Amino acid sequence: MKKMERIDDKLFRPLATAEAKLVFAGGTQTAVTLVETSNPAPDTARDGDHE
Amino acid sequence: MTSEPRAPAERVFTLFASCIPVRGARRSVICDLQRQSTQPIPNGLYEILTMHAGKAVAEIKNVYDHQYDEEIDEYFEFLLGHEFGFWCADPERFPALDLTWEAPERITNAILDVDRHSDHDYEKIFSELDDLGCKALELRCFEPVPLPELRRILSAARHGRLRSIDLLAAYAPELTQEALESLASEYRRISNIAVHSSPEDRALPPYRTGVTAAYRREVVDSPRCCGQIHPGYFVTNIETFAEAQKHNTCLNRKLAIDARGEIKNCPSMARSFGNARQVPLHSALAHRDFAALWAINKDQIAICKDCEFRYVCTDCRAYLADAADLYSKPSKCTYDPYTAEWQTPAERQTQAAAPAPGDAALPLPAGILKGVS
Amino acid sequence: MADDPTDPDDRPAGNAGLFERLSPEGRRLVPVTFRSLHTSKTAEATFLRLVESRPYRAKGYACSPFRKPISKCFGTPAGEDDV
């Protein structure tokens, strides 16, 4: 066995059952990433899902 | 052929703190605690992510004498593609998660078993579970319970602190889809309903309130059915992963009351700490041995400690490969971490037909616990 | 908002120097990266609220929900063995 195996080997396929059951049932998801920001006067009365 | 990663040479690859690599004997995994997924990876990649964390790609390739340049490029493309991490110049600004596990509740979860001979004082039990802070309950009915009786039981839990009730019910024709929906809407603490011994396997569409329900053909007629280990019972989230570092993810902060009312760590275990009709739950919990098994974590269990799934697996301490060894692997687990293979269903059935040495209710032998006071 | 989190050089200029824009109190907090698990229209606004409320939340604690099976009685989940 090579020390660095190819990542596309079937051994490294995702756990299909667990994923389908718990995570991605809603279809493809795209991540959005934000690193940091700052607002000196945040409005905490609202949140992003309830504008 | 893959292209050179586009990151400037001085940048290093950093995993998101919620994406944690775990090494196994044959392969490793990345546990993404936010997305609740477990992704297998080669042990070579695990080594890069841990031993060589903080090194630039060129430096890593040098370490391996440029024998695996192509594979290493593929690894980083894979990690980026699956959004497990990012390139950055200042990895020290992204510290690891603190995996300390604490819970304010003395008991977080409980099992209450019911069969036709059960004579539980439901009000008393739920009230005492409340006092212990219990937030999740599984009500397991091994035999059909008439709907009015089911309603009576659920009504007893109506005013407590329980946040969720998982209902495992035995099939009866009156348990129609509409009846289940009505139960779920009437008793809002219900979060999941599974009807075993059904004529068919059928998952119902999730209710508007998020409750899930399913009919299952599989027969669950006694506690002996419990203890199954397979990916469907793996849990990849921060609470379980953190708990698994030091605790047993099945028994920790669990209290069970079997169909006869006996207070136990788990209904499949033989040892009782008293009957719930006579003994208050908090008295049983105060017994010196009650919490002894809570501290058996996967890093202490033979074979499991070499398994890449050890922090997402919810274990079983009742049915053991070696009934005399509290630190042996669950007898119903068919995964071999040394080959990364699961037994096929046929192989499993063959094994199930033979008497399994650990497939017996396990007493808690005194004095054989390692490192448990 | 970075469309492509994988390449810091491709980020829109609006995200540059975010650390420098933090308040002194915010700078003392351990930096974190937020990722959206949803593709809702309000995802960006959610992020901004999360970031902005960190100085307040950092002083509190979260009481974890209970998210694991209590017992494990079914041996045959649909799609099993596809590992």
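**Exercise 1. How many residues of chain B are in contact with chain A, and which elements of chain B take part?**

Step 1. 21 residues of chain B are in contact with 16 residues of chain A, where contact requires C-beta atoms, placed from the backbone, to lie within 7 Å. This is a predicted model, in which local features need pLDDT of at least 70 and side-chain atom pairs count only at pLDDT 80 or more, while totals for chains, interfaces and linings use all residues. Residues are numbered from 1 along each chain as its sequence is written, and chains are lettered from A and ligands numbered from 1 in the order in which they are written.

Step 2. On the side of chain B that touches chain A, the elements giving two or more residues are β4 (37-41) and α3 (69-81) of chain B. Helices (H or I, at least four residues) and strands (E, at least two) are DSSP runs, numbered from the N terminus.

Step 3. Sorted by type, the residues on this side of chain B are 10 nonpolar, six polar and five charged. Nonpolar covers Ala, Val, Leu, Ile, Met, Phe, Trp, Tyr, Cys and Pro; charged covers Asp, Glu, Lys and Arg; the others, Gly among them, are polar.

**Exercise 2. Describe the open sheet of three strands in chain B and the helix that lies across it.**

Step 1. The strand order is β2-β3-β4 (chain B), with antiparallel pairing; two strands pair if DSSP finds at least two bridges between them.

Step 2. β2 (19-22) and β4 of chain B are the edge strands, each pairing on one side only. From one strand to the next, the twist averages 25°.

Step 3. β2(B) and β3 (residues 28-32) of chain B run antiparallel and are joined by four bridges. Val22(B) has Val29(B) in β3(B) as its bridge partner.

Step 4. Helix α1 (residues 43-50) of chain B lies across β2, β3 and β4 of chain B, at about 120° to β2(B). Axes are lines fitted to C-alpha atoms, for helices over the stretch in contact, and angles run from 0 to 180 degrees between N-to-C directions.

**Exercise 3. Which strands stand at the edges of the open sheet of eight strands, and why is one side of each left without a neighbour?**

Step 1. The order is β10-β11-β9-β8-β7-β6-β12-β13 (chain B), with mixed pairing.

Step 2. β10 (202-204) and β13 (263-264) of chain B are at the edges; each has a single partner strand, so one side of each lacks a neighbour in the sheet.

Step 3. β12 (residues 254-257) of chain B pairs with β13(B) in the antiparallel sense over two bridges. Ile263(B), in β13(B), is the bridge partner of Ile257(B).

Definitions and conventions
Contact = placed C-beta atoms within 7 Å.
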